[in-house]
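Please work through the exercises below with the structure open beside you, and try each task before reading its solution.

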Amino acid sequence: MVRVPLTDEERERGERLGLALRDARASASRSMVEVAAEAGISVETLRKIETGRIPTPAFFTVMALADAVGLPLDALRAAAEGSAEDVAEAS
């Protein structure tokens, strides 16, 4: 199976998603180790999501991360589709 390359827009959306998760984690004063353990993923996977190197993580991974940092999925969606400032408005 050949994977279709991501568009620039998809990569940018992944970067915004990662930034929103990283900001929420920092606001909650949670370490990467704590959040990764609670979400059931490795610290390296969390690092890659937060830096946009995994721009399209699985839905259940995103859901677990949002729960771990106390961020509503609506806020995360707004951030991924718009800007990181949208997180504050949606939460």
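**Exercise 1.** Determine how the side chains of E38 and R30 meet, and how exposed each of the two residues is.

*Solution.* First, the side chains of E38 and R30 form a salt bridge with an N to O distance of 2.8 Å, where a salt bridge is a side-chain nitrogen of Lys or Arg within 4 Å of a carboxyl oxygen of Asp or Glu. Next, salt bridges that share partners join R30, E34 and E38 into one network. Finally, E38 is partly exposed because its relative accessible area is 48%, and R30 also counts as partly exposed, at 23% (buried means under 20% relative accessible area, exposed over 50%, partly exposed in between, with a 1.4 Å probe and protein chains only).

This is a predicted model, in which local features need pLDDT of at least 70 and side-chain atom pairs count only at pLDDT 80 or more, while totals for chains, interfaces and linings use all residues. Residues are numbered from 1 along each chain as its sequence is written, and side-chain values use heavy atoms, with hydrogens and water left out.

**Exercise 2.** Find the partner of E50 in a salt bridge, and decide whether each of the two residues is buried or exposed.

*Solution.* First, E50 forms a salt bridge with R25, the closest N and O atoms being 2.7 Å apart. This pair links distant parts of the chain, 25 residues apart, with E50 in helix 3 (residues 43–50) and R25 in helix 1; helices are DSSP runs of H or I, at least four residues, numbered from the N terminus. Lastly, E50 counts as buried because its relative accessibility is 4%, and R25 counts as buried at 13%.

Technical notes. Helix = DSSP H or I, 4+ residues; strand = E, 2+ residues; numbered from the N terminus.
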